[in-house]
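The entries follow the order in which I went through the model.

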Amino acid sequence: MASAAAAGAPPGPAAPRSRKSVTGTRRTVAALFLLPALVLLGALVVYPIGYSLVRSFYNASGDGFAGIDNYRTLFTDDGIRTALKNNVLWVVFAPTVSTALGLVFAVLTERVRWGTAFKLVVFMPMAISMLAAGIIFRLVYDQDPDKGVANAVWVGVHDTFAQSSAFPKAHPGRNSPLRPDQGGFVTRAAVHAGQPVTLPLVGVAPDQLPDGVRKAVAAKPEPGKVTGTTWQDFTRGKGVGRLGAPDPSEVGYAGMRIEAVKDGTVVASTEASADGTFTLPAAADGARLRLPADNFREPYNGVDWLGPALVTPSIIGAYVWMWAGFAMVLIAAGLAGVPRELLEAARVDGASEWQVFRKVTVPLLAPVLAVVVVTLMINVLKVFDLVFIIAPGSSQDDANVLALELYRKGFAEGQPGIASAISVFLLLLVIPVMLFNIRRLRREVRR
C-alpha cells in the first residue's frame, strides 16, 4: 500500500541544471580574440616605452646610473636647444598653414566645376613617401637656377626688373687712371673737352663679353666734347702690346655706362659703342668720369633656400605641400555635412561671402578643424625624414628637430641614454595633445 501510494504520488520538482554564464563566455571569447593584438601592443609599444624610460636614467654604456643627468642635458646641450626651438616653429606654423590652406581649398573647390580634379591634384602628394618628397624638394631648392625650380622662378622674376651686368668682374689694371668709388670706378683727375680719355679695364673672360663687341679703337678728339674709349686692356707684358692704349687684338666694352660727375652731381651720361668709344657733351668738361656700380652688378644666382637662415621655413614649406591635401580632404568632408540652409539664411540676411565664411562656415567646421590641427601637431612633433633628407650637411644643425637629434644621439654619437631621454620627452609632449583629442572625441560622441 505504501509503495502504491508512493507510485501514485505526483513527482516532485526536478533538480536545477547548472548553466554557464553567457556574459562570462563572451568575455572569454573577446579576451582570446584580443590576446594577439595585446601581445603585439605590449611587445611593440609598451615594452619599448618602458625600456626607454629606464634607459634614460643610465649613462652611455648602460653600466652606471646617471639619475636625471640625461634630462638636464636636454636643456643645456646647444644642439638639443636648437632642436627644441625648431620644434616650436614646426608646431606653430606647419599645422596652422596646412589647415588654413586646406580650409581655403575645400571652400573654393565647392564653387568650381573642376573642383574634384583640383582636390585630386592637391591630395596627390600624400601618395608620395616622406623620403621621396625630401629628395624632390632637395632638388627644388637647389641654388643653381638650372636645377632648382624655386630659384629658376625667383631668378626669372628678379632679372625681369634688375638685369645683371655683362662686366661683373671688370676692374682697373696696372697704372690705371681709375680708382674705386662706391662699387664702381672714377677717374683720378678731371677730364677736358678735346682731350680723348682712356678708361682701360681688365678681368672679363672673352666668352663672357656681350654680343656685338668689336675691336677697340682710340677715340678721336672733338671740339667742345669729351671723347674716350673703355676697353679690355689685357696686355700681358713687354712686347705683347701697349699698356693703357687699345691694341688690334683688344675689344671695346660695348654698353658700358659712363657718367660725368661734378661736385657729386651727374651732369652728363652716355654708353660706350661696340668698339668702346663714347662721347659726352660740353657739360662734361672739367668733370670726373665715373663708371657706376650698375656696370659691375654680379649675376643674381637666386636665394640660398637651404642656408642657415631659410632652411627650416623651406622644409616646413615642403611639409605643407604634402599635408595641405590631407587637411583639405577632411575639411571638405566636414563641409559636406554643414546645413546649407544656414548658409543661405545668412546670405538672405545680407551677409557677404566673407562674413558667411568667417561667422558661419568656420564656426560650424570648428570640430573638424580641431581634428586636423591636433593630428598635424602630433605628426610634426615626430618629423624626421624631411629634415634629414632636405637639409644639407652644412645646415643640418640649423634645421635640427628633436626626432633628428634623437637619431643622431642614439646612432651617430653613441649616447643612447640621452637619446632615450629625448624619446621620453617627445612622448610627454605628445600625451597632452592626445588627451585633448580623446576628450574632444568623447564630447562629440555624447552629443
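**Annotated spans**

I began with residues 360-381, where the end C-alpha atoms lie 32 Å apart and the span is 95% helix and 0% strand. Helices (H or I, at least four residues) and strands (E, at least two) are DSSP runs, numbered from the N terminus. I note that this is a predicted model, in which local features need pLDDT of at least 70 and side-chain atom pairs count only at pLDDT 80 or more, while totals for chains, interfaces and linings use all residues. Residues are numbered from 1 along each chain as its sequence is written, and side-chain values use heavy atoms, with hydrogens and water left out.

I then looked up the UniProt record, an unreviewed entry, whose annotation "transmembrane region" covers residues 29-49, 88-108, 120-141, 318-339, 360-381 and 418-438. UniProt positions are given in the numbering used here, feature names are shortened, and annotations may be inferred rather than shown by experiment. For residues 29-49 I recorded 100% helix and 0% strand, with the end C-alpha atoms 29 Å apart.

**A helix pair**

At what angle do helix H5 and helix H8 pack? I found about 140 degrees between H5 (residues 115-123) and H8 (residues 311-336), with their axes 7 Å apart. Axes are lines fitted to C-alpha atoms, for helices over the stretch in contact, and angles run from 0 to 180 degrees between N-to-C directions. H5 and H8 are therefore oblique to each other, given that angles under 35 degrees count as roughly parallel, over 145 as roughly antiparallel, 65 to 115 as roughly perpendicular and the rest as oblique.

From H5, the contact (heavy atoms within 4.5 Å) takes in Lys-119, Val-122 and Phe-123, and from H8 it takes in Ala-324, Gly-325, Phe-326, Met-328, Val-329 and Ala-332. Sorted by class, the contact of H5 with H8 has seven nonpolar, one polar and one charged residues; here Ala, Val, Leu, Ile, Met, Phe, Trp, Tyr, Cys and Pro count as nonpolar, Asp, Glu, Lys and Arg as charged, and the others, Gly among them, as polar.

**Salt bridges**

I searched the whole structure for salt bridges (a side-chain nitrogen of Lys or Arg within 4 Å of a carboxyl oxygen of Asp or Glu) and noted 12. One of them joins the side chains of Asp-77 and Lys-409, at 3.6 Å from N to O. Asp-77 lies in the loop between helix H3 (69-73) and helix H4 (78-108), and Lys-409 in helix H13 (residues 402-412), so the pair ties together parts that are 332 residues apart in sequence.

**The five-stranded sheet**

I traced an open sheet of five strands in the order S1-S2-S8-S5-S6, with antiparallel pairing; two strands pair if DSSP finds at least two bridges between them. Strand S1 (178-181) and strand S6 (265-271) are the edges, each with a single partner strand, so one side of each is left without a neighbour in the sheet. The twist from one strand to the next averages 30 degrees.

Going across, I found four bridges between S1 and S2, and these two strands form a hairpin with two residues between them, where Gln-182 in the turn has a positive phi of about 50 degrees. Strand S2 (residues 184-187) is joined to strand S8 (residues 288-291) by two bridges, and Val-186 stands opposite Arg-290 in S8. Arg-290 is also the bridge partner of Glu-259, and S5 pairs with S8 over three bridges. Strand S5 (residues 257-262) and S6 pair over six bridges, with Arg-257 opposite Glu-271 in S6. In the hairpin of S5 and S6, which again has two residues between the strands, I noted Asp-263 with a positive phi near 55 degrees.

**The three-stranded sheet**

Last, I looked up an open sheet of three strands, ordered S3-S4-S7, with mixed pairing. Its edge strands are S3 (197-201) and S7 (277-280), each of which pairs on one side only, and the twist averages 20 degrees from one strand to the next. Strand S4 (residues 226-232) runs antiparallel to S7 and is joined to S7 by four bridges, and Thr-227 stands opposite Thr-279 in S7.
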